[in-house]
Amino acid sequence: MKTEFDVQLHTADMYRYNLYHTYTTASGYLAILASILAFAAAGKTWGQTEPSRTVLYIAMGILLLVYTPVSLYLRSKQQVNGSPVLKNVLHYVIDDTGVTTSQGEMSSRLEWSQVYRVVATKHNILICINPRNAFIIPRAQVQKEYDEIKNIAQKHLEKYRFKMK
């Protein structure tokens, strides 16, 4: 089994990956919990303490909810625009031996035994190299190849390392 396709990453694809990565880790859960606690503190202190303290709690909650997505978007834009590799089209070959990415004369190969996991989100297929890094494949660009990618990955990965529907 083998499938080949080309992918052009955009800022939105990188942003979605960064959001997924951030909000499915402990730091993402803590940021959400901290903002909920700040809003709860604001509600509890409403009318019982000086208004500036309540406003401070509300501001902290808004900052925690807004800062992370905005900073992730700016970082995603910088990553895509600043990297010659991400700016240009990447060619993928996924087969029974692993995943090969190439661009011009450069090529890299990832054997299935080296794949940390494969995850499909609503917008991306993520072939994770480790807990922090992944090949990002926008689903909209590989609609025809999706089932083939899924079948090949499912065949070569343990169930706990494979999360595609």
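In what order do the four strands of the open sheet lie? The order is β7-β6-β5-β8, and the pairing is mixed. This is a predicted model.

**The open sheet**
- The edges of the sheet are formed by β7 (134-138) and β8 (162-163), each of which pairs on one side only.
- Strand β6, residues 124-128, pairs with β7 in the antiparallel sense, over five bridges.
- Cysteine 128 has alanine 134 in β7 as its bridge partner.
- Isoleucine 137 in β7 stands opposite isoleucine 125.

**Burial of strand β7**
- Strand β7 is mostly covered, with five of its five residues buried.
- Ala134, Ile136 and Pro138 point one way from β7, while Phe135 and Ile137 point the other way; all are buried.

**Packing of helices α1 and α3**
- Two packed helices are described by the angle between their axes and the distance between the axes.
- Helix α1 (residues 11-23) packs with helix α3 (residues 51-82) at an angle of about 135 degrees, and their axes are 8 Å apart.
- The crossing in which α1 passes α3 is right-handed.
- On the α1 side the contact includes Thr11, Met14, Tyr15 and Asn18, and on the α3 side it includes Thr68, Pro69, Leu72 and Tyr73.
- The residues of this contact between α1 and α3 comprise eight nonpolar, six polar and one charged.

Terms used:
Residues are numbered from 1 along each chain as its sequence is written. This is a predicted model: local features need pLDDT of at least 70, side-chain atom pairs count only at pLDDT 80 or more; totals for chains, interfaces and linings use all residues. Side-chain values use heavy atoms; hydrogens and water are left out. Two strands pair if DSSP finds at least two bridges between them. Helices (H or I, at least four residues) and strands (E, at least two) are DSSP runs, numbered from the N terminus. Axes are lines fitted to C-alpha atoms, for helices over the stretch in contact, and angles run from 0 to 180 degrees between N-to-C directions. A crossing is left-handed if the near helix is turned anticlockwise from the far one by less than a right angle, and right-handed if clockwise. Contact means heavy atoms within 4.5 Å. Ala, Val, Leu, Ile, Met, Phe, Trp, Tyr, Cys and Pro count as nonpolar, Asp, Glu, Lys and Arg as charged, and the others, Gly among them, as polar. Buried means under 20% relative accessible area, exposed over 50%, partly exposed in between (1.4 Å probe, protein chains only).
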